[in-house]
Amino acid sequence: MTSIGTGYDLANSIFSPDGRNFQVEYAVKAVENGGTSIGIRCKEGVVLAVEKVVASKLLKPGANKRIATVDRHIGVVYSGMVPDGRHFVDRARDEARSWRDTFKTPIPTADLASRMGGYMQAYTLYQSVRPFGITAIVGGFDSELEAPVDGEVGRGPSVGAGGKNPDKKHGGPFLYMIEPSGLYWGYYGAATGKGRQAAKAELEKLDLKGGADMSLLEAVKEAARIIHVAHDDSNDKEFELEMSWISGADGPTKGRHVEVPKEIREEAERLAKELLQDSSDEDNDKSSDKMEE
Amino acid sequence: MDHRPQAWGRPRDDVYGAYDASYLHSNTPKTATQSPVVTGTSVVGLKFADGVVIAADNLASYGSLARFTDVKRLRVFLDSSVVGFGGDVSDMQYLDRHLNELAIDEAYDHLTPDSSASKTASLNAANLYKYLQKLMYARRNDFDPLWNQILVAGLDGAQKPFLGSVDLRGTSFTSPSLATGYGAMLAQPIMRRVAATEEDAARLTREQAVDVVKECMKVLFYRDARSLDRYSIAVVTKDGIELKEDEQLEKQSWAFAERIRGYGTQTV
(Lines give C-alpha, C1' and ligand atoms only; values in the text may rest on other atoms or scores of the structure.)
Protein backbone atom coordinates (compact mmCIF):
# COMPACT_ATOMS: atom_id res chain seq x y z
CA MET A 1 0.00 0.00 0.00
CA THR A 2 1.25 3.51 -0.72
CA SER A 3 2.92 4.18 2.62
CA ILE A 4 0.12 6.20 4.24
CA GLY A 5 -3.14 7.74 3.20
CA THR A 6 -1.69 11.26 3.47
CA GLY A 7 -4.78 12.52 5.25
CA TYR A 8 -7.25 10.68 3.06
CA ASP A 9 -7.37 7.74 5.44
CA LEU A 10 -8.89 9.56 8.40
CA ALA A 11 -12.52 8.90 7.53
CA ASN A 12 -14.87 6.95 5.42
CA SER A 13 -16.75 8.98 2.86
CA ILE A 14 -13.60 10.67 1.63
CA PHE A 15 -11.89 9.40 -1.47
CA SER A 16 -8.17 9.83 -2.03
CA PRO A 17 -7.37 11.67 -5.28
CA ASP A 18 -6.51 8.39 -6.96
CA GLY A 19 -9.95 7.00 -6.14
CA ARG A 20 -9.40 4.85 -3.08
CA ASN A 21 -11.14 4.54 0.23
CA PHE A 22 -8.31 3.93 2.66
CA GLN A 23 -10.56 2.99 5.59
CA VAL A 24 -11.90 0.06 3.58
CA GLU A 25 -8.40 -1.03 2.70
CA TYR A 26 -7.40 -0.94 6.36
CA ALA A 27 -10.46 -3.05 7.17
CA VAL A 28 -9.20 -5.62 4.67
CA LYS A 29 -5.95 -5.67 6.68
CA ALA A 30 -7.95 -6.63 9.78
CA VAL A 31 -9.43 -9.54 7.83
CA GLU A 32 -6.00 -10.67 6.69
CA ASN A 33 -4.99 -11.21 10.32
CA GLY A 34 -7.99 -13.41 11.16
CA GLY A 35 -8.11 -17.20 11.18
CA THR A 36 -8.60 -18.76 7.75
CA SER A 37 -12.16 -19.59 6.75
CA ILE A 38 -13.23 -21.34 3.58
CA GLY A 39 -16.37 -22.44 1.78
CA ILE A 40 -16.69 -25.18 -0.83
CA ARG A 41 -19.68 -25.54 -3.11
CA CYS A 42 -20.36 -28.85 -4.79
CA LYS A 43 -23.43 -30.29 -6.48
CA GLU A 44 -24.72 -31.95 -3.32
CA GLY A 45 -24.31 -28.94 -1.05
CA VAL A 46 -21.98 -26.50 0.67
CA VAL A 47 -19.26 -27.00 3.28
CA LEU A 48 -18.02 -24.18 5.53
CA ALA A 49 -14.85 -24.49 7.60
CA VAL A 50 -12.81 -22.21 9.83
CA GLU A 51 -9.43 -22.37 11.51
CA LYS A 52 -10.26 -21.26 15.03
CA VAL A 53 -7.01 -20.16 16.66
CA VAL A 54 -7.00 -21.08 20.34
CA ALA A 55 -6.36 -17.77 22.06
CA SER A 56 -6.09 -19.21 25.56
CA LYS A 57 -5.82 -22.63 27.19
CA LEU A 58 -8.57 -21.50 29.55
CA LEU A 59 -11.16 -21.57 26.77
CA LYS A 60 -13.33 -24.67 26.72
CA PRO A 61 -12.56 -26.80 23.65
CA GLY A 62 -15.47 -26.89 21.20
CA ALA A 63 -17.23 -23.95 22.84
CA ASN A 64 -17.52 -20.45 21.33
CA LYS A 65 -18.64 -21.48 17.88
CA ARG A 66 -17.49 -19.37 14.96
CA ILE A 67 -19.87 -20.68 12.31
CA ALA A 68 -23.42 -19.38 12.71
CA THR A 69 -26.82 -20.47 11.45
CA VAL A 70 -28.81 -17.62 9.91
CA ASP A 71 -31.89 -19.47 8.76
CA ARG A 72 -32.45 -23.21 8.69
CA HIS A 73 -30.81 -23.50 5.27
CA ILE A 74 -28.11 -20.80 5.49
CA GLY A 75 -24.83 -20.66 7.39
CA VAL A 76 -22.21 -17.94 7.75
CA VAL A 77 -18.52 -18.06 8.58
CA TYR A 78 -16.19 -15.07 8.70
CA SER A 79 -12.57 -14.04 9.19
CA GLY A 80 -11.49 -10.89 10.94
CA MET A 81 -12.90 -9.10 13.94
CA VAL A 82 -15.19 -11.53 15.73
CA PRO A 83 -17.50 -8.90 17.29
CA ASP A 84 -18.06 -7.40 13.83
CA GLY A 85 -18.88 -10.89 12.61
CA ARG A 86 -21.34 -11.41 15.43
CA HIS A 87 -23.14 -8.22 14.47
CA PHE A 88 -23.12 -9.28 10.83
CA VAL A 89 -24.80 -12.57 11.83
CA ASP A 90 -27.39 -10.75 13.96
CA ARG A 91 -28.30 -8.56 11.04
CA ALA A 92 -28.42 -11.52 8.65
CA ARG A 93 -30.83 -13.28 11.02
CA ASP A 94 -33.03 -10.18 11.12
CA GLU A 95 -33.04 -10.05 7.33
CA ALA A 96 -33.93 -13.73 7.04
CA ARG A 97 -36.74 -13.35 9.55
CA SER A 98 -38.21 -10.23 7.96
CA TRP A 99 -38.11 -11.97 4.59
CA ARG A 100 -40.16 -14.79 6.09
CA ASP A 101 -42.56 -12.28 7.65
CA THR A 102 -43.11 -10.62 4.29
CA PHE A 103 -43.02 -13.46 1.81
CA LYS A 104 -43.91 -16.46 4.05
CA THR A 105 -41.04 -18.41 2.53
CA PRO A 106 -37.34 -18.93 3.35
CA ILE A 107 -34.97 -16.28 2.01
CA PRO A 108 -32.99 -17.40 -1.05
CA THR A 109 -29.25 -17.38 -0.38
CA ALA A 110 -28.68 -14.94 -3.24
CA ASP A 111 -31.09 -12.43 -1.71
CA LEU A 112 -29.50 -12.70 1.71
CA ALA A 113 -26.06 -12.13 0.16
CA SER A 114 -27.41 -9.12 -1.70
CA ARG A 115 -28.95 -7.58 1.40
CA MET A 116 -25.87 -8.19 3.52
CA GLY A 117 -23.65 -6.83 0.76
CA GLY A 118 -25.76 -3.69 0.77
CA TYR A 119 -25.55 -3.51 4.55
CA MET A 120 -21.77 -3.75 4.59
CA GLN A 121 -21.47 -1.23 1.77
CA ALA A 122 -23.48 1.28 3.79
CA TYR A 123 -20.69 1.17 6.39
CA THR A 124 -18.25 2.58 3.83
CA LEU A 125 -20.28 5.72 3.20
CA TYR A 126 -20.39 7.75 6.38
CA GLN A 127 -18.01 9.69 8.61
CA SER A 128 -19.70 8.33 11.69
CA VAL A 129 -19.01 4.66 11.08
CA ARG A 130 -16.15 2.38 10.21
CA PRO A 131 -16.32 -0.48 7.73
CA PHE A 132 -16.77 -4.08 8.92
CA GLY A 133 -13.49 -5.73 9.82
CA ILE A 134 -14.62 -9.03 8.36
CA THR A 135 -14.97 -10.92 5.15
CA ALA A 136 -17.98 -13.20 5.43
CA ILE A 137 -18.65 -16.42 3.54
CA VAL A 138 -22.37 -17.16 3.17
CA GLY A 139 -23.37 -20.68 2.21
CA GLY A 140 -26.89 -21.95 1.67
CA PHE A 141 -29.01 -24.56 -0.01
CA ASP A 142 -32.25 -23.23 -1.47
CA SER A 143 -34.84 -26.00 -1.41
CA GLU A 144 -35.20 -27.80 -4.71
CA LEU A 145 -38.61 -29.09 -3.61
CA GLU A 146 -41.94 -27.35 -3.98
CA ALA A 147 -41.58 -24.96 -1.03
CA PRO A 148 -44.67 -24.76 1.19
CA VAL A 149 -45.71 -21.29 2.25
CA ASP A 150 -44.99 -20.75 5.97
CA GLY A 151 -48.21 -21.50 7.86
CA GLU A 152 -50.10 -22.79 4.84
CA VAL A 153 -52.83 -25.23 5.77
CA GLY A 154 -54.08 -26.79 2.53
CA ARG A 155 -52.74 -28.15 -0.72
CA GLY A 156 -54.36 -25.42 -2.82
CA PRO A 157 -55.98 -26.02 -6.19
CA SER A 158 -55.31 -29.54 -7.47
CA VAL A 159 -54.61 -28.25 -10.99
CA GLY A 160 -51.44 -26.50 -9.75
CA ALA A 161 -50.56 -22.86 -9.43
CA GLY A 162 -50.41 -20.86 -12.61
CA GLY A 163 -47.25 -19.90 -14.46
CA LYS A 164 -45.20 -22.85 -13.28
CA ASN A 165 -42.68 -24.45 -15.56
CA PRO A 166 -42.48 -28.15 -14.66
CA ASP A 167 -39.11 -28.57 -16.39
CA LYS A 168 -37.43 -25.74 -14.55
CA LYS A 169 -35.01 -26.79 -11.84
CA HIS A 170 -35.34 -24.82 -8.63
CA GLY A 171 -32.97 -24.19 -5.77
CA GLY A 172 -29.55 -25.72 -5.26
CA PRO A 173 -26.34 -24.92 -3.40
CA PHE A 174 -25.06 -21.35 -3.24
CA LEU A 175 -21.87 -19.79 -1.94
CA TYR A 176 -21.11 -16.08 -1.63
CA MET A 177 -18.25 -14.10 -0.14
CA ILE A 178 -18.82 -10.53 1.08
CA GLU A 179 -15.85 -8.21 1.60
CA PRO A 180 -15.55 -5.11 3.83
CA SER A 181 -16.23 -2.86 0.82
CA GLY A 182 -19.63 -4.55 0.42
CA LEU A 183 -18.43 -6.28 -2.71
CA TYR A 184 -19.81 -9.78 -3.07
CA TRP A 185 -19.51 -12.49 -5.69
CA GLY A 186 -20.81 -16.02 -5.96
CA TYR A 187 -18.04 -18.64 -5.80
CA TYR A 188 -17.37 -22.31 -6.40
CA GLY A 189 -14.83 -22.15 -3.59
CA ALA A 190 -14.06 -19.18 -1.36
CA ALA A 191 -11.27 -18.51 1.12
CA THR A 192 -10.40 -15.58 3.36
CA GLY A 193 -8.28 -14.76 6.39
CA LYS A 194 -4.64 -15.38 7.17
CA GLY A 195 -4.10 -18.47 5.05
CA ARG A 196 -6.25 -17.41 2.09
CA GLN A 197 -3.42 -17.54 -0.48
CA ALA A 198 -2.55 -21.16 0.25
CA ALA A 199 -6.23 -22.06 0.61
CA LYS A 200 -7.15 -20.44 -2.72
CA ALA A 201 -4.31 -22.28 -4.44
CA GLU A 202 -5.65 -25.55 -3.05
CA LEU A 203 -9.26 -24.70 -3.96
CA GLU A 204 -8.22 -23.96 -7.54
CA LYS A 205 -6.79 -27.46 -7.82
CA LEU A 206 -10.20 -28.97 -7.05
CA ASP A 207 -12.58 -29.61 -9.91
CA LEU A 208 -15.51 -27.65 -8.52
CA LYS A 209 -17.18 -26.40 -11.67
CA GLY A 210 -16.41 -29.35 -13.95
CA GLY A 211 -18.87 -32.10 -14.80
CA ALA A 212 -17.14 -34.59 -12.47
CA ASP A 213 -18.43 -33.03 -9.29
CA MET A 214 -17.12 -34.13 -5.91
CA SER A 215 -19.46 -35.51 -3.27
CA LEU A 216 -20.31 -33.59 -0.13
CA LEU A 217 -18.29 -36.03 1.98
CA GLU A 218 -15.23 -35.48 -0.23
CA ALA A 219 -15.77 -31.74 0.08
CA VAL A 220 -15.69 -32.09 3.87
CA LYS A 221 -12.39 -33.97 3.64
CA GLU A 222 -10.96 -31.39 1.24
CA ALA A 223 -12.10 -28.55 3.52
CA ALA A 224 -10.36 -30.15 6.51
CA ARG A 225 -7.21 -30.69 4.47
CA ILE A 226 -7.16 -27.15 3.09
CA ILE A 227 -7.56 -25.60 6.54
CA HIS A 228 -4.63 -27.72 7.74
CA VAL A 229 -2.53 -26.79 4.69
CA ALA A 230 -3.32 -23.11 5.12
CA HIS A 231 -2.44 -23.20 8.81
CA ASP A 232 0.85 -21.56 9.61
CA ASP A 233 2.59 -23.85 12.12
CA SER A 234 5.40 -21.47 12.92
CA ASN A 235 3.26 -18.60 14.19
CA ASP A 236 0.12 -20.19 15.62
CA LYS A 237 0.48 -23.51 17.31
CA GLU A 238 -2.95 -24.58 18.45
CA PHE A 239 -6.13 -24.36 16.46
CA GLU A 240 -9.53 -26.00 16.35
CA LEU A 241 -11.20 -27.01 13.12
CA GLU A 242 -14.87 -26.08 12.95
CA MET A 243 -16.94 -27.33 10.04
CA SER A 244 -20.57 -27.19 9.01
CA TRP A 245 -22.47 -28.39 5.96
CA ILE A 246 -25.73 -27.98 4.10
CA SER A 247 -27.13 -30.58 1.73
CA GLY A 248 -30.33 -30.85 -0.27
CA ALA A 249 -33.50 -32.43 1.13
CA ASP A 250 -32.31 -35.92 0.18
CA GLY A 251 -28.78 -35.43 1.55
CA PRO A 252 -27.35 -36.04 5.02
CA THR A 253 -28.59 -32.75 6.54
CA LYS A 254 -32.02 -32.73 4.85
CA GLY A 255 -31.64 -29.13 3.66
CA ARG A 256 -30.55 -27.80 7.07
CA HIS A 257 -27.34 -26.00 7.99
CA VAL A 258 -25.76 -28.11 10.73
CA GLU A 259 -22.38 -28.87 12.18
CA VAL A 260 -20.51 -31.74 10.52
CA PRO A 261 -20.99 -34.73 12.87
CA LYS A 262 -18.06 -35.33 15.21
CA GLU A 263 -17.09 -38.72 13.75
CA ILE A 264 -16.94 -37.40 10.17
CA ARG A 265 -15.01 -34.32 11.23
CA GLU A 266 -12.45 -36.32 13.21
CA GLU A 267 -12.02 -38.78 10.33
CA ALA A 268 -11.51 -35.89 7.88
CA GLU A 269 -9.01 -34.28 10.23
CA ARG A 270 -7.11 -37.55 10.66
CA LEU A 271 -6.84 -37.93 6.88
CA ALA A 272 -5.78 -34.30 6.53
CA LYS A 273 -2.98 -34.72 9.07
CA GLU A 274 -1.87 -37.94 7.39
CA LEU A 275 -1.68 -36.27 3.97
CA LEU A 276 0.16 -33.32 5.44
CA GLN A 277 2.62 -35.66 7.16
CA ASP A 278 3.23 -37.54 3.90
CA SER A 279 3.89 -34.39 1.91
CA SER A 280 6.25 -32.97 4.51
CA ASP A 281 8.12 -36.31 4.55
CA GLU A 282 8.48 -36.01 0.78
CA ASP A 283 9.81 -32.50 1.15
CA ASN A 284 12.33 -33.71 3.68
CA ASP A 285 13.38 -36.51 1.33
CA LYS A 286 13.86 -34.02 -1.48
CA SER A 287 15.93 -31.65 0.61
CA SER A 288 18.08 -34.52 1.91
CA ASP A 289 18.58 -35.64 -1.71
CA LYS A 290 19.81 -32.20 -2.53
CA MET A 291 22.19 -32.27 0.39
CA GLU A 292 23.69 -35.50 -0.92
CA GLU A 293 24.19 -33.94 -4.31
CA MET B 1 -51.35 32.01 0.01
CA ASP B 2 -50.73 29.80 2.97
CA HIS B 3 -47.00 29.72 3.64
CA ARG B 4 -47.04 26.85 6.15
CA PRO B 5 -45.46 23.75 4.57
CA GLN B 6 -48.05 21.44 6.15
CA ALA B 7 -50.75 23.20 4.14
CA TRP B 8 -49.01 22.81 0.80
CA GLY B 9 -50.66 20.58 -1.73
CA ARG B 10 -53.91 20.38 0.22
CA PRO B 11 -57.31 21.54 -0.98
CA ARG B 12 -57.84 25.09 0.28
CA ASP B 13 -60.10 25.32 3.30
CA ASP B 14 -61.61 28.62 2.06
CA VAL B 15 -62.63 26.94 -1.20
CA TYR B 16 -63.47 23.36 -0.17
CA GLY B 17 -64.19 23.73 3.54
CA ALA B 18 -62.25 22.15 6.39
CA TYR B 19 -61.18 18.53 6.01
CA ASP B 20 -63.68 16.11 7.53
CA ALA B 21 -61.56 13.82 9.68
CA SER B 22 -64.50 12.27 11.50
CA TYR B 23 -64.20 8.95 9.67
CA LEU B 24 -60.77 8.46 11.24
CA HIS B 25 -62.25 8.34 14.72
CA SER B 26 -64.68 5.56 15.43
CA ASN B 27 -67.06 5.80 18.35
CA THR B 28 -67.26 2.07 18.97
CA PRO B 29 -64.95 0.35 21.45
CA LYS B 30 -61.94 -1.63 20.24
CA THR B 31 -62.91 -5.22 19.56
CA ALA B 32 -61.00 -8.46 19.18
CA THR B 33 -62.07 -11.90 17.94
CA GLN B 34 -65.49 -12.66 19.41
CA SER B 35 -65.94 -16.02 17.72
CA PRO B 36 -63.93 -18.19 15.36
CA VAL B 37 -64.66 -18.13 11.62
CA VAL B 38 -63.06 -21.02 9.77
CA THR B 39 -62.74 -23.88 12.25
CA GLY B 40 -61.26 -27.31 12.63
CA THR B 41 -63.00 -29.86 14.81
CA SER B 42 -61.65 -32.50 17.22
CA VAL B 43 -58.06 -33.56 17.79
CA VAL B 44 -57.50 -36.83 19.64
CA GLY B 45 -54.32 -38.03 21.33
CA LEU B 46 -53.37 -41.19 23.20
CA LYS B 47 -50.17 -42.22 24.98
CA PHE B 48 -48.77 -45.74 24.72
CA ALA B 49 -45.73 -47.57 26.10
CA ASP B 50 -43.03 -45.64 24.22
CA GLY B 51 -44.77 -42.80 22.47
CA VAL B 52 -47.92 -40.89 21.62
CA VAL B 53 -50.50 -41.16 18.82
CA ILE B 54 -52.30 -38.03 17.71
CA ALA B 55 -54.91 -37.57 14.97
CA ALA B 56 -57.15 -34.89 13.47
CA ASP B 57 -59.29 -34.84 10.35
CA ASN B 58 -58.42 -32.69 7.32
CA LEU B 59 -61.48 -30.44 7.35
CA ALA B 60 -61.79 -26.71 7.93
CA SER B 61 -65.44 -25.69 8.22
CA TYR B 62 -66.91 -22.27 7.46
CA GLY B 63 -69.77 -22.38 9.92
CA SER B 64 -71.58 -25.57 8.95
CA LEU B 65 -70.16 -25.53 5.41
CA ALA B 66 -67.38 -28.08 4.77
CA ARG B 67 -65.26 -25.39 3.13
CA PHE B 68 -61.66 -26.73 2.97
CA THR B 69 -61.11 -30.47 2.79
CA ASP B 70 -57.32 -30.80 2.69
CA VAL B 71 -56.26 -28.83 5.74
CA LYS B 72 -53.36 -30.18 7.75
CA ARG B 73 -54.05 -29.61 11.43
CA LEU B 74 -51.13 -31.60 12.78
CA ARG B 75 -47.90 -29.61 12.79
CA VAL B 76 -44.42 -30.93 13.45
CA PHE B 77 -42.18 -28.89 15.75
CA LEU B 78 -38.38 -29.35 15.70
CA ASP B 79 -38.71 -32.91 14.34
CA SER B 80 -39.56 -34.05 17.87
CA SER B 81 -43.09 -32.90 18.80
CA VAL B 82 -46.46 -32.75 17.06
CA VAL B 83 -48.97 -29.99 17.76
CA GLY B 84 -52.63 -30.66 16.91
CA PHE B 85 -54.92 -27.67 16.48
CA GLY B 86 -58.68 -27.49 16.97
CA GLY B 87 -60.61 -24.24 16.56
CA ASP B 88 -59.87 -21.20 14.39
CA VAL B 89 -57.72 -21.95 11.36
CA SER B 90 -56.28 -18.47 10.91
CA ASP B 91 -55.13 -18.48 14.54
CA MET B 92 -53.62 -21.88 13.84
CA GLN B 93 -51.69 -20.37 10.94
CA TYR B 94 -50.49 -17.57 13.17
CA LEU B 95 -49.33 -20.07 15.80
CA ASP B 96 -47.70 -22.24 13.16
CA ARG B 97 -45.65 -19.31 11.87
CA HIS B 98 -44.82 -18.31 15.41
CA LEU B 99 -43.61 -21.81 16.27
CA ASN B 100 -41.64 -21.90 13.02
CA GLU B 101 -39.81 -18.75 14.10
CA LEU B 102 -39.19 -20.30 17.49
CA ALA B 103 -37.78 -23.42 15.87
CA ILE B 104 -35.38 -21.33 13.77
CA ASP B 105 -34.24 -19.47 16.89
CA GLU B 106 -33.55 -22.86 18.46
CA ALA B 107 -31.39 -23.80 15.48
CA TYR B 108 -29.13 -20.77 16.16
CA ASP B 109 -27.96 -22.27 19.43
CA HIS B 110 -28.02 -25.95 18.61
CA LEU B 111 -25.98 -26.48 15.49
CA THR B 112 -26.02 -30.26 16.02
CA PRO B 113 -29.54 -31.67 15.75
CA ASP B 114 -28.43 -35.30 15.69
CA SER B 115 -26.44 -35.54 18.91
CA SER B 116 -28.36 -36.69 21.96
CA ALA B 117 -26.92 -33.83 24.03
CA SER B 118 -28.57 -31.15 21.91
CA LYS B 119 -31.83 -33.09 21.73
CA THR B 120 -32.30 -32.89 25.49
CA ALA B 121 -31.10 -29.28 25.53
CA SER B 122 -33.57 -28.05 22.92
CA LEU B 123 -37.29 -27.49 23.39
CA ASN B 124 -39.13 -30.76 24.02
CA ALA B 125 -42.89 -31.34 24.02
CA ALA B 126 -43.23 -30.55 27.75
CA ASN B 127 -41.42 -27.22 27.26
CA LEU B 128 -43.51 -26.42 24.21
CA TYR B 129 -46.71 -27.21 26.13
CA LYS B 130 -45.71 -24.82 28.93
CA TYR B 131 -44.74 -22.16 26.38
CA LEU B 132 -48.06 -22.40 24.56
CA GLN B 133 -49.93 -22.26 27.86
CA LYS B 134 -48.19 -18.97 28.75
CA LEU B 135 -48.83 -17.60 25.26
CA MET B 136 -52.54 -18.48 25.28
CA TYR B 137 -53.03 -17.13 28.80
CA ALA B 138 -51.28 -13.86 27.92
CA ARG B 139 -53.53 -13.45 24.89
CA ARG B 140 -56.68 -14.12 26.90
CA ASN B 141 -55.53 -11.48 29.43
CA ASP B 142 -55.35 -9.04 26.50
CA PHE B 143 -58.98 -9.99 25.81
CA ASP B 144 -57.77 -11.13 22.39
CA PRO B 145 -57.53 -14.90 22.68
CA LEU B 146 -56.20 -17.22 20.00
CA TRP B 147 -59.34 -19.29 19.40
CA ASN B 148 -57.80 -22.74 19.57
CA GLN B 149 -57.64 -25.80 21.69
CA ILE B 150 -54.26 -27.41 21.22
CA LEU B 151 -52.85 -30.85 21.92
CA VAL B 152 -49.08 -31.21 22.25
CA ALA B 153 -47.69 -34.71 21.69
CA GLY B 154 -44.08 -35.76 22.07
CA LEU B 155 -41.51 -36.67 24.68
CA ASP B 156 -40.60 -34.85 27.88
CA GLY B 157 -37.14 -34.13 29.30
CA ALA B 158 -36.80 -37.70 30.55
CA GLN B 159 -37.71 -39.06 27.08
CA LYS B 160 -41.06 -40.30 28.45
CA PRO B 161 -44.23 -39.95 26.36
CA PHE B 162 -45.91 -36.58 26.87
CA LEU B 163 -49.41 -35.42 25.98
CA GLY B 164 -50.83 -32.05 27.04
CA SER B 165 -53.76 -29.80 26.23
CA VAL B 166 -53.96 -25.98 26.16
CA ASP B 167 -57.09 -24.01 25.34
CA LEU B 168 -57.96 -20.43 24.39
CA ARG B 169 -58.16 -19.39 28.07
CA GLY B 170 -54.73 -20.79 28.88
CA THR B 171 -56.22 -23.70 30.80
CA SER B 172 -53.79 -26.57 30.58
CA PHE B 173 -53.64 -30.18 31.70
CA THR B 174 -52.05 -33.48 30.81
CA SER B 175 -53.61 -36.92 30.70
CA PRO B 176 -52.90 -40.37 29.21
CA SER B 177 -55.61 -39.63 26.66
CA LEU B 178 -56.87 -36.26 25.46
CA ALA B 179 -59.35 -34.94 22.94
CA THR B 180 -60.58 -31.49 21.96
CA GLY B 181 -64.03 -30.29 20.90
CA TYR B 182 -66.58 -33.02 20.23
CA GLY B 183 -63.84 -35.55 20.79
CA ALA B 184 -63.88 -34.66 24.50
CA MET B 185 -67.43 -36.07 24.63
CA LEU B 186 -67.26 -38.84 22.03
CA ALA B 187 -63.65 -40.05 21.87
CA GLN B 188 -62.50 -39.73 25.49
CA PRO B 189 -64.75 -42.58 26.81
CA ILE B 190 -63.42 -44.91 24.11
CA MET B 191 -59.80 -44.07 24.90
CA ARG B 192 -60.39 -44.31 28.65
CA ARG B 193 -61.57 -47.87 28.18
CA VAL B 194 -57.99 -48.83 27.33
CA ALA B 195 -56.01 -46.07 29.08
CA ALA B 196 -57.80 -44.83 32.19
CA THR B 197 -54.51 -44.27 34.02
CA GLU B 198 -50.85 -43.65 33.16
CA GLU B 199 -50.11 -47.27 34.11
CA ASP B 200 -52.72 -48.54 31.64
CA ALA B 201 -51.30 -46.33 28.91
CA ALA B 202 -47.77 -47.57 29.64
CA ARG B 203 -48.97 -51.12 28.90
CA LEU B 204 -50.46 -50.23 25.49
CA THR B 205 -48.55 -51.23 22.38
CA ARG B 206 -48.18 -48.90 19.43
CA GLU B 207 -50.56 -50.98 17.31
CA GLN B 208 -53.24 -51.00 20.01
CA ALA B 209 -52.99 -47.23 20.47
CA VAL B 210 -53.19 -46.55 16.74
CA ASP B 211 -56.22 -48.85 16.44
CA VAL B 212 -58.03 -47.09 19.29
CA VAL B 213 -57.33 -43.65 17.82
CA LYS B 214 -58.55 -44.77 14.40
CA GLU B 215 -61.69 -46.12 16.07
CA CYS B 216 -62.18 -42.71 17.70
CA MET B 217 -61.80 -40.95 14.35
CA LYS B 218 -64.47 -43.24 12.92
CA VAL B 219 -66.93 -42.60 15.76
CA LEU B 220 -66.28 -38.87 15.41
CA PHE B 221 -67.02 -39.03 11.70
CA TYR B 222 -70.25 -40.89 12.41
CA ARG B 223 -71.54 -38.45 15.01
CA ASP B 224 -69.83 -35.08 14.46
CA ALA B 225 -71.45 -33.17 11.59
CA ARG B 226 -68.32 -30.97 11.20
CA SER B 227 -65.97 -33.85 10.52
CA LEU B 228 -64.47 -35.63 7.54
CA ASP B 229 -63.43 -39.18 6.64
CA ARG B 230 -59.98 -37.97 5.54
CA TYR B 231 -57.59 -37.44 8.39
CA SER B 232 -53.97 -37.04 9.51
CA ILE B 233 -52.36 -39.29 12.08
CA ALA B 234 -48.93 -39.02 13.69
CA VAL B 235 -46.99 -41.37 15.95
CA VAL B 236 -44.22 -39.77 18.03
CA THR B 237 -41.54 -41.99 19.56
CA LYS B 238 -37.87 -41.70 20.47
CA ASP B 239 -37.03 -42.68 16.89
CA GLY B 240 -38.84 -39.66 15.50
CA ILE B 241 -42.19 -38.78 14.01
CA GLU B 242 -44.22 -40.79 11.57
CA LEU B 243 -46.80 -38.42 10.11
CA LYS B 244 -49.40 -39.50 7.55
CA GLU B 245 -51.50 -36.61 6.27
CA ASP B 246 -53.91 -38.20 3.81
CA GLU B 247 -55.54 -41.19 5.51
CA GLN B 248 -58.99 -42.52 4.67
CA LEU B 249 -61.37 -43.95 7.30
CA GLU B 250 -61.72 -47.66 6.69
CA LYS B 251 -64.43 -50.21 7.41
CA GLN B 252 -67.25 -47.73 7.93
CA SER B 253 -70.64 -49.15 8.73
CA TRP B 254 -73.64 -46.89 8.75
CA ALA B 255 -76.04 -49.61 9.87
CA PHE B 256 -76.49 -47.89 13.23
CA ALA B 257 -77.98 -44.88 11.42
CA GLU B 258 -81.10 -46.90 10.64
CA ARG B 259 -82.10 -46.78 14.28
CA ILE B 260 -81.61 -43.04 14.77
CA ARG B 261 -84.85 -41.12 15.02
CA GLY B 262 -85.55 -37.50 15.74
CA TYR B 263 -83.29 -35.53 13.37
CA GLY B 264 -84.10 -33.99 9.99
CA THR B 265 -87.14 -34.63 7.83
CA GLN B 266 -88.37 -38.04 8.83
CA THR B 267 -91.89 -39.21 8.12
CA VAL B 268 -91.95 -41.94 10.75
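**Figure 1. Residue classes around the largest cavity of the predicted model.** Four nonpolar and five charged residues, with no polar ones, make up the lining of the largest cavity. The model shown here and in the following views is a predicted one. The volume of this cavity is about 50 Å³. Chain A contributes A:Val70, A:Asp71, A:Arg93, A:Ala96, A:Arg97 and A:Arg100 to the lining, and chain B contributes B:Glu101, B:Ile104 and B:Tyr108. In total, the structure holds two cavities of 30 Å³ or more.

**Figure 2. Secondary structure elements around the largest cavity.** Three elements each supply at least two lining residues: strand 3 (68-71) of chain A, helix 2 (82-103) of chain A and helix 2 (89-109) of chain B. Helix 2 of chain A gives the largest share of the lining, with four residues.

**Figure 3. The second largest cavity and its lining in chain B.** This cavity has a volume of about 40 Å³. Its lining consists of B:Thr41, B:Ser42, B:Asp57, B:Met217, B:Leu220, B:Asp224, B:Ser227 and B:Leu228. Sorted by class, three of the lining residues are nonpolar, three are polar and two are charged.

Figure 4. B:Tyr23 belongs to the loop that runs between helix 1 (13-16) and strand 1 (38-40) of chain B. B:Tyr23 counts as exposed because its relative accessibility is 60%, and the cut-off for exposed is over 50%.

**Figure 5. The salt bridge between A:Arg91 and A:Glu95.** The closest N and O atoms of A:Arg91 and A:Glu95 are 2.9 Å apart. The two residues are four positions apart in helix 2 of chain A, so about one helical turn separates them. A:Arg91 has a relative accessible area of 31% and is therefore partly exposed. A:Glu95, at 10% relative accessibility, counts as buried, the limit for buried being under 20%.

Figure 6. A:Glu202 and A:Lys205 form a salt bridge in which the closest N and O atoms are 3.0 Å apart. Both residues lie in helix 4 (residues 196-205) of chain A, with a spacing of three residues, about one turn of the helix. Through salt bridges with shared partners, A:Glu202, A:Lys205, A:Glu222 and A:Arg225 are joined into one network. The relative accessible area of A:Glu202 is 12%, which means that A:Glu202 is buried. A:Lys205 is exposed, with a value of 62%.

**Figure 7. The salt bridge between A:Glu25 and A:Arg20.** In this pair, the closest N and O atoms are 2.8 Å apart. Over all chains, the count of salt bridges comes to 30.

**Figure 8. A:Ala63 and A:Gly154 in chain A.** A:Ala63 is located in the loop between strand 2 (45-53) and strand 3 of chain A. With 24% relative accessibility, A:Ala63 counts as partly exposed. A:Ala63 and A:Gly154 are 91 residues apart along the chain, and a distance of 42 Å separates their C-alpha atoms.

Note on methods: Residues numbered from 1 in each chain as written. Chains lettered and ligands numbered in written order. Predicted model: local features only at pLDDT ≥ 70, side-chain atom pairs only at ≥ 80, totals over all residues. Heavy atoms only, no water. 1 Å grid on protein atoms, 1.4 Å probe; cavity = no way out; pocket = protein on both sides within 12 Å on 5 of 7 lines; lining within 4 Å. Points joined across faces, edges and corners; volume = space filled by probe spheres on them. Nonpolar A, V, L, I, M, F, W, Y, C, P; charged D, E, K, R; others polar. Buried < 20%, exposed > 50% of the residue type's maximum accessible area, 1.4 Å probe, protein only. Salt bridge = Lys/Arg side-chain N within 4 Å of Asp/Glu carboxyl O.
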